[in-house]
Amino acid sequence: MEGRKEKLIKEIVAKGYMKYFIPDALFNIAAREVEVYALPIKDDGGYIEALAFAGKAEKPAWYYKFKNKEVLDYYIKKLVDDRAAKIEAKELAKKEKEEKLAKEKNLNDKYNLDDILKIKKEAEEAANIAANDYWVNEMDEEDKWSCGFAWVEIFGINGNSKLGRKMKKAGFKQDYKRVFSVWNPSGIGVQNIDVKEKGANAYAKVLKEYGFEAYACSRLD
């Protein structure tokens with residue numbers, strides 16, 4: 001079935017538009033995804049009419065009149081550069097996704113459920129020790145100053161993957177962002193945010209030592 005782009009190209013070609021060859025200086029992998037059509041003669045006002053397509057888009061990227069060839073080439077360069085940036089971003093996203101999947105697979109191959117339970121216990125103990133140490137030695141066991149919350153977020157794990165299912169069996173839960181998170185990992189029952197942050201930092205540190213992408217988070221109440 002003929003698409004909108006093909007129909008428009010047929011219409012403009014019938015009006016005398018011709019394919020405009022992109023200057024060699026601009027030609028690269030991105031330029032292969034750019035098509036430009038222009039009238040070979042200027043209109044009564046001395047302008048060059050041209051339009052361009054980029055990628056798989058059905059609509060033209062632009063459909064303008066240009067004072068001269070130099071201005072037209074400038075717009076083509078902008079379009080090619082924009083397309084190159086999008087291709088680069090797409091390739092980077094693909095690479096990051098592949099690295100994420102590889103890292104998740106590596107963690108899954110490395111740790112079984114018992115391992116994850118042990119890591120979780122070690123992190124909880126570290127968090128409890130750090131929070132209580134600060135509570136006793138810095139706060140004098142007095143719940144004062146700023147109140148707030150602290151937690152740990154664990155990224156790079158799909159909840160439906162083999163590793164994700166192990167995490168769930170070990171007691172980890174995903175939040176509304178589908179990120180595994182641990183609320184107040186020290187388990188200490190105080191309001192002070194500094195105490196809770198000490199626990200969250202210690203918890204995240206243990207997970208990082210085992211290769212997990214974990215970050216301590218907090219906010220004031």
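The crossing of helix 2 and helix 4 is left-handed in this predicted model. Helix 2 covers residues 69-110 and helix 4 covers residues 162-169, and their axes come within 9 Å while crossing at roughly 55°. The two helices are therefore oblique to each other.

**Where helix 2 meets helix 4**

- Two packed helices are described by the angle between their axes and the distance between the axes.
- For helix 2 and helix 4, those values are roughly 55° for the crossing and within 9 Å for the approach of the axes.
- On the helix 2 side, the residues in contact are Glu 104, Leu 107 and Asn 108.
- Their partners in helix 4 are Lys 162, Leu 163, Gly 164 and Lys 166.
- Sorted by class, this contact has two nonpolar, two polar and three charged residues.

**Salt bridges**

- The count for the model comes to 14 salt bridges.
- One of them joins the side chains of Lys 5 and Glu 35, at 2.8 Å from N to O.
- This pair links distant parts of the chain: Lys 5 sits in helix 1 (residues 4-14) and Glu 35 in strand 2 (residues 34-38), 30 residues apart.
- Is Lys 5 buried or exposed? With a relative accessible area of 10%, Lys 5 is buried, because buried means under 20%.
- Lys 5 and Glu 35 also belong to a network of salt bridges that takes in Lys 19.
- In helix 3 (residues 113-137), Lys 120 and Glu 124 lie four residues apart, about one turn of the helix.
- The side chains of Lys 120 and Glu 124 meet in a salt bridge at 3.0 Å, N to O.
- Within this pair, Lys 120 is buried at 17% relative accessible area, whereas Glu 124 is partly exposed at 33%.
- Lys 144 pairs with Glu 142 in a salt bridge whose closest N and O atoms are 3.9 Å apart; the cut-off is 4 Å, so this pair qualifies as a salt bridge.
- Glu 142 counts as partly exposed, at 44% relative accessibility.

- Asp 140 lies in the loop between helix 3 and strand 5 (148-155), and counts as exposed at 57% relative accessibility.
- Trp 145 is also placed in the loop between helix 3 and strand 5.
- The phi of Trp 145 is near 65°, again a positive value in a residue other than glycine.
- At 56% relative accessibility, Trp 145 counts as exposed.

- Gln 191 is found in the loop between strand 7 (180-183) and helix 5 (193-209).
- A relative accessible area of 43% makes Gln 191 partly exposed.
- What does Gln 191 touch, not counting residues up to four places away in sequence? Its contacts are Asp 143, Ser 146, Cys 147, Gly 148 and Lys 196.

Definitions and conventions
Residues are numbered from 1 along each chain as its sequence is written. This is a predicted model: local features need pLDDT of at least 70, side-chain atom pairs count only at pLDDT 80 or more; totals for chains, interfaces and linings use all residues. Side-chain values use heavy atoms; hydrogens and water are left out. Axes are lines fitted to C-alpha atoms, for helices over the stretch in contact, and angles run from 0 to 180 degrees between N-to-C directions. Angles under 35 degrees count as roughly parallel, over 145 as roughly antiparallel, 65 to 115 as roughly perpendicular and the rest as oblique. A crossing is left-handed if the near helix is turned anticlockwise from the far one by less than a right angle, and right-handed if clockwise. Contact means heavy atoms within 4.5 Å. Ala, Val, Leu, Ile, Met, Phe, Trp, Tyr, Cys and Pro count as nonpolar, Asp, Glu, Lys and Arg as charged, and the others, Gly among them, as polar. Buried means under 20% relative accessible area, exposed over 50%, partly exposed in between (1.4 Å probe, protein chains only).
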